[in-house]
Every structure is written in structure tokens, then in C-alpha cells.
Amino acid sequence: MEYLDEFFNYISSVSPSKLVRVFWFFFFFEFVRFFLVDFTTVLLWKITAVFRKKRVKEGRNLFWAEKPLISIIVPGKNEGKHIFKLANSLKEQTYQNFELIVIDDGSDDETKSICNSLKKNGLIDIFLSNDVRGGKASAANLGLRYSSGKYIIHMDADCSYDRDAVENIIVPFYYNEKLGAVGGDVQVRNYRESLCASLQAIEYTDTISIGRISQSQLGIYRIISGAFGAFKKDALDSVGGWDIGPGLDGDITVKVRKMGYEIHFEPTAICQTNVPVTFKALTKQRLRWDKSLIRFRVRKHRDVFYPNESFRISNFVSFVENITYSLVLNFKWYFYLIDMVLNYTSRLVFIIPMNFILYTINNYFKFIVFSLFRERKNVKAEYFMLYMPLMALYFGYYLRLVRTYAYLQELIFRRSYEDSWNPEKSSRQAKSLKL
Amino acid sequence: MNTSTENIKVVDHKINYNNLVFYVIDTTNSILNIDHTMGYDALILDASDPEYARIVLKKIRSHYNPEFYLKPVFLLNFKETKDPLLNNMHDGLMTSYDQVVSMSEVAKRIFLKTTQLDNQLIPSFEGQTVKKVLNYMYTRDIRTLKPIVDLNSSIGYTYPELSINFTNTEEPQVLEILEWADREGLIWPDFYERVYLCNNCNSGALSYREVCPHCNSANSKSEDLVHHFPCAYIGPISDFQNNIDSSLNCPKCNKTLRHIGIDYDKPSVIHHCNNCDQNYQDAFIKSKCLSCEDDIDVKYLVPKTVNIYKLTRKGRSAATSGFLSSSLEVDDIFGTINMQTLRIMLHYELEKVKESPAQKTSIALVHLENIFELYNKIGKKGERKLLEELVAVVRENIKSSDVIAFESSSTLYLMLTNTTSENAEQKLMNLTALTENLIKKNFNSFKVNLLYKVKMLDANKKAEVQLQELSKDFFA
């Protein structure tokens, strides 16, 4: 009780200037970027929807008039158990002029026989199997090599798609000729499975979906999810398809951007996926994702910062924003921590809970406000309200620590080349050639 | 008695030696009607022309009359050949007529054994054919039926002792007859090989090839898929080839491929169909029948086991003691009953006749004497169809209360209720004419010898006894 009294006394005594001084990291960086900027752009996007409506409708009409062949590529290893469900869900699509290409990347289970059977029964159009695993990029490239469609959609086998997802992800190409790729919205299907999955569902709903609308509006959208992304075949051919991962989703997006194409996020093209249900699995996934920021943004595509003939301001801004908010501020947070420990040692017992409360209030506020902009929800917003207080810990501590560890591993040891996600033979070559 | 080699002379194609008359067949007397050899004890066949010798030997050994097919045949001037019939269906090889001396001993042994044979008539095609083979094997001391590779056989193998009764294309029937003999317990199978036959014509002459799963064309080009590790490009090897030299260059990053397993590998193979332009990895395996030209998915081929068959104890004694067939494959023909049911019905019919002596019922036995010659040509399916049509014709001409029962595929019984033997005779006469016409019309003017015997049912004798009497009177 005594502590609570002291805590409230402290809060009430803090002046606005002192509040900003104590919580400068939140006010100057996180609130501005992840609330104000996102909110403003999303609001503008919503307001201007009326003006886009006619253009989108015309694009849709053009799309239906042309009815292009679309190649759906599904690469993967040991994904046979998911393919039947996926093929069946694709049969439900409003748009049916597509070829389904499944690439088996050296599976050692029943995938080959399952897929051969599905092919025999007409559920798969092309099924190619490699006896030896070559990695996801090579599997996707094999699919690309034998595809005939004007547009390529990359899908993950364990995902399912809204009935109009294929149509919606292709339509933007028909009202914006400059587009080279369109990303779909990925939602969490197994959000009820564990606390870990629920927290990720909030993250996907909030940061990923809304964040990508905002990035797309600002022209800095940089990662088309491998679970659901569409590309112009010409664009993919001109960049030579996918390069070695991990992090090939972001890499291919950057490559397409560098060719001068625009990238769009389409919130009405909805895909549902299963996320890791344990923190151990999630940590492994995020370490892989975060390492790719260093490998691809900082190293492989550093030429984005060079003022050469292929320099584009949008790519520059996209990279700066990405590196600033993901890498620089991640380390700066530790300065903030030191600042607090050194300058407010005696007040830390109040600052930490207050920090937590501040983030939680912000999270609730953001979630409620952004809920108004969401195109389609697979879960009612109320479901997540209970979990919202944990998001401060999830975002502020757990993800930050994982990110830091990943960055250090990659910056110092180049650990992404040892990731078992890629076959060792490919990683060895990529490392020696500094790819 | 002439037993001196000095006196061995060929006079008018005949050699008399040791009370035996050998008839010499060579191309000069060109015997194609082997009935001319009737009455001679043994034959000396000049095999200088193997083709001619083969034709004659086949005619002799495939004859239905034991007088011919068991006749000792010696080959003169025989040269090594791959023909299984010539190699296996003779009784001795001669290089000069002087060898008649030793051959006469062989012939006498065969005669002695021939006299021990049982002459019982087996009332089925399979039974008759197997009995013939068993007779031959007994007289030649053969105890095993061995399959021999034969390129002329439609299944690739031949059993000379049995196959000689069939043409090359009828070889699948040989397997059926062997299976039948196995079921009868006459022979014992020992696995030798498995063959696959066309499901349309039963031929084993099949050409296996990989075909496109989309259009079934074998016109395809196969290529290795090449995966270039550094850039993750993967495509057919032709993507990496150039027209200048033999080096492989990656079409994505232009690097030269150096060392398999280090910077590239070949994870798979892809086929391109030149007919429909589709790409595929798992080609269908199809087999083209070189006989009927059907293109068959290999899973629909008919697997058949080619066994080495050894005579069982029953099989060994069957030649001298005969055997009773236990299986009958004509029981289920629509409109007929089996023999067991006929016996029961006859029993009740006898009771009725006892009750009302005025009621007259006749029984008849009908035998299609030479029908096996036709069965041999038309195979099992044709045989079945013929019997079904025969039953239909008989059914149309008898009362619905009358019954038909097959004893074998060549013999059937009729029970004609409320029919005197005179009426029955009349009915049978009509049926004979109808059946002969039916077979003549449908089977290339084949003339069947239809024989029958009618008997009035005697109320004082058991049904079984009356059936036996009818059969005995007929086949005696």
C-alpha cells in the first residue's frame, strides 16, 4: 500500500517536461513512428479510399476482361500433409485461371506420393520433386522456371486463403502499372493454441497488417511475406528469381524495388497461417528473421545507400527507416536503460512500472483505433484485450532481446550462414562469395 | 526275324527290323497328312530341314489319337536347333539307318508302356488334354514339365509336351491347363519365373517404355536438373549449356559451374514431351502389346507364374489308372443345375413316378464328341460362351419343368418330365439338328458330332444307378 501511495505521488508530481525526459525513448521514437506516423498515413489511406474506389473498380474490370493465367508456386519440404487442404481451398477461389505448381524440396516423408496422387486427380497442375534438398529459394526458382503465368503467386503450403484472395492480390497490378509485386495480409489462424500464438496474433494484427498499410502508403514497404505474395513474372525473371535465404522474402522485395518497380500491400488479400506455438520455436524463427536484416539490408543491399544511377529515394528512405527503427533504436534502447539506471536510480522502482503502464495504454489505444481501419478481422478485437498488458513485455523486452542477440550474432559471427534452414552446401557457397 | 544291321535297307520309305516297321519320312515323300503313317510301328523323320521336321513332328504329337501321338519318332540328320519342340519331342537321334538297331529297343519300351495305359475318356477338354500329356510322359519316363524359353511362344516360354497341342499364340491356354491340372492334384508347382501378359490378347510380347503422363507419347527428351548453389538457380542442364564450348554457365549469375557437389548438383531429372510440350518427372510405364498393339498401363498387365511342374503320386498313376476330375467350371451356367442337384431332383421324381405310375419321365445324356477340337481353337472364354448359347437353345425346346445338368463341358444330362422315351428321342433329334446348326453357323463351319442316349426313368432303380447305366451304355 505504501508503495502504491508513493507511486501515485510520483506520477502526480511529474511535470510534462520531466515525463518527456524520463520517457524520451517512448515519446520521441516509438510513439511518433509507430503511432503518429502509422495513424496519420492509415487515416489518409482511409480518407482517400473514396478516390481510389473508381480506379480499383476499373482495375478489377480489366483483370476480369483479360483473365490472365496465374502461376501459384508452393515450394517446401515435407509439406505433403498440408497440400491437399491447400489445393482444396484453392478450388474455392473466385478466380480459377491458375496453375498450381508444387515443388518438393527433397522431402523424406510421404510428400511425393501424396502430391503425385493429387496431380493424378487434377488438384495439382505441375509437381516437381528434387531428390536432394536445395533450399527454399531453389525450390521456388524451379517453380518459376516451369511456370507459364503472367503473374506468380508464392504461397506457403500450411496456409489457407480467403475465397477472393487470389483475385484481390492480382487486381492492384491492373490499376497501377508500376507495381512489380503485391503482398497479401497474413493473419494468425492458430491464435487460440497458446499464449505465444495469441501474442503473435496481436502483433500480426497490429504491427504487421496496419504497419504494412502505412509502409505501403509511404512507399517504403519492404517485405512481401512468403506466405502470400504476388509478382509480375517479368519482374521476377529480370531479378533472376529468389536468392539464398534465410530472409528471402525481404530480399526478393528489395530486388524488385531496385529494378524500379513499386511494391504494394493489399489488405483485402487475406491469408491465414499457423505461427509457432512455443516461445522456443518463436525465438528460433525470429532469430532467423532478424539476422536477415543485417545480412541483406546492411550487407548485401548496402548499394541502396550509394548515390549511383540506380539510386532511388524511396529505397533509401525504406532502408534508413528500417535500419534506424530496427537496428539503431534497438541498441539505443540500451542507452536509454543506462540513462535511467545512472540518472534515476532511486526512481527506477516507479519508472519501470510506469513505463509498462504507458506502453500498455498506448497498446490498448492503438489497437482500438487501428481496429477501425482493419479490412477484415478473423478474431474479434475483444478477444485480445485480456492479453494486451502482456504486449509491453512481448514487444518491449522479449522481441527486443531476441533481436539484439540476432543482430550481434550476425554482425560478429555471420551466423545466418550456419542456419539449418538452408542446406549447408548452399550456405557455404553464399558465405564464401559474401552473398 | 531281321536283326542284322547288314540287312537294314530302306525300301519304299520303310525299314523292317526286329519285327518292327519303321517308316522314313523325308522331304521326298513330303507327308503332310500323317494319317498315312497309320500302321507303322515307328517313324524316322529326316530333320535335315528343321522347319519341315518341325511341321511333321507337331502334326504327329498334337494328334488326338494315341496311335499317332504316342508313336516313337526318331530324328535323322538332326542339327542343333533352338526349337524346343524338335529338341524335346523325339525319342532318339540317328545319324544313320544302322541305328535302327538301338532305336528298336527304345520303340519296344514305348510300346510296352503304351499297353499299360488306361483308355478311360475324361469328360472335359482340360482332362483330355492333360491325360494325353500324362500318357506321353508315362511312355517316355518323363516326370517333370519344364518351361523352356521360346521366342516363338506368345508368352516367351513353352512346355513342349503340352504346348505341342496348341499354336504359339495359344500358349496362355497352356498355363490355364497346367493350373487346372495343379488344382486336380496331378502336378505340383515349383516357381520358375513370372511373366506378364497383355490383358487383351494374353500375349507376352510386350514393349515397355516410359511415356508422357499427359499424352502417352514416348517421344520425349530427358534432362538433368541442375541447381547452382551460389544463386539458387535451378533448371534443366540445357539452360546452362552454350553453343561455343562444353562448359556450363549459370543463366542467372553467369558464373561457370566448376565442381559437382561443391557449387552445383543435379537433384533430379525432368522429361520434356516433344508431342504435347508438357514437362514431367514421373513418366508412366506403359507396355505396348506387339501382338494386338494395345497400349497398356503396366498395372493392368496379367501376371502369370511359369512353374516347373512335377508329377504328383496321383499324376504318376493317372496315365495307367485314369483319374476323376473333381472340379467343374460349367456348374454356374444360367439355366442349368449341377449334378448333385440333378441326383436329388431325380430322387424326388422317382418318388412321384412311384406314386403315379402313369407319369413318364425320361433322362437323356448328350455328348458333343469332337467338341474339344473346337474348344482348343476358341479358348476358355469362347467355350463358356458356346455352352451358354447351347443351354439357351436347349432351354427353348424343353419344358420349364425339365432340367439340364452338365457333367463336363462335353457331356450334359437332361431330365424330361412327363415325357415318354419316344417323345424324348424326338426332342433330342430336333436338338441335335439345332445344335449342329448353331455351331456350324458360329464357328466357321465346324461340324460337331452330337451323340445322345435316352432312357425312361425306372421307378424301381435308384437315381444314381440309372445315371451310371446311362453313362455306361453310352461310353462303353
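User: From which domains of chain B does the lining of the second largest pocket draw at least three residues each?

Analyst: This is a predicted model. The domain assignment of chain B gives domain 1 (5-186), domain 2 (221-274) and domain 3 (339-475). The lining of the second largest pocket takes at least three residues from each of two of these, namely domain 1 (5-186) and domain 3 (339-475) of chain B.

User: Which element gives the most residues to the lining of the second largest pocket?

Analyst: The pocket has a volume of about 1000 Å³. Of its 32 lining residues, B:Y64, B:N65, B:Q128, B:K132 and B:F372 are the closest to the centre. Elements that give two or more residues are α2 (66-69), α5 (125-139), α10 (371-396) and α12 (463-475) of chain B. With six residues, the element that gives the most is α5(B).

User: How far apart do the C-alpha centres of domain 2 and domain 3 of chain B lie?

Analyst: In chain B, domain 2 covers 221-274 and domain 3 covers 339-475. The distance between their C-alpha centres is 77 Å.

User: Are α3(A) and α4(A) parallel or oblique to each other?

Analyst: Helix α3 (residues 24-47) and helix α4 (residues 49-66) of chain A pack with their axes 5 Å apart, at an angle of about 55 degrees. Angles from 65 to 115 degrees would count as roughly perpendicular and those under 35 as roughly parallel. The relation of α3(A) to α4(A) is therefore oblique.

User: What classes do the residues of the contact of α3(A) with α4(A) divide into?

Analyst: From α3(A) come A:W45, A:K46 and A:I47, and from α4(A) come A:A49, A:V50, A:F51 and A:R52. By class, these are five nonpolar, no polar and two charged.

User: How many residues of domain 1 and of domain 2 of chain A are in contact?

Analyst: Chain A is assigned domain 1 (2-42 + 314-432) and domain 2 (69-277). Their C-alpha centres are separated by 28 Å. The residues in contact number 39 in domain 1 of chain A and 41 in domain 2 of chain A.

Conventions: Residues are numbered from 1 along each chain as its sequence is written. Chains are lettered from A and ligands numbered from 1 in the order in which they are written. This is a predicted model: local features need pLDDT of at least 70, side-chain atom pairs count only at pLDDT 80 or more; totals for chains, interfaces and linings use all residues. Side-chain values use heavy atoms; hydrogens and water are left out. On a 1 Å grid over the protein atoms alone, a cavity is a set of points where a 1.4 Å probe fits but cannot get out, and a pocket is an open set with protein on both sides within 12 Å along at least five of seven lines; lining residues have an atom within 4 Å of a point. Grid points are joined across faces, edges and corners, and a volume is the space filled by probe spheres set on the points. Helices (H or I, at least four residues) and strands (E, at least two) are DSSP runs, numbered from the N terminus. Domain bounds come from an automatic or database domain assignment. Axes are lines fitted to C-alpha atoms, for helices over the stretch in contact, and angles run from 0 to 180 degrees between N-to-C directions. Angles under 35 degrees count as roughly parallel, over 145 as roughly antiparallel, 65 to 115 as roughly perpendicular and the rest as oblique. Contact means heavy atoms within 4.5 Å. Ala, Val, Leu, Ile, Met, Phe, Trp, Tyr, Cys and Pro count as nonpolar, Asp, Glu, Lys and Arg as charged, and the others, Gly among them, as polar.
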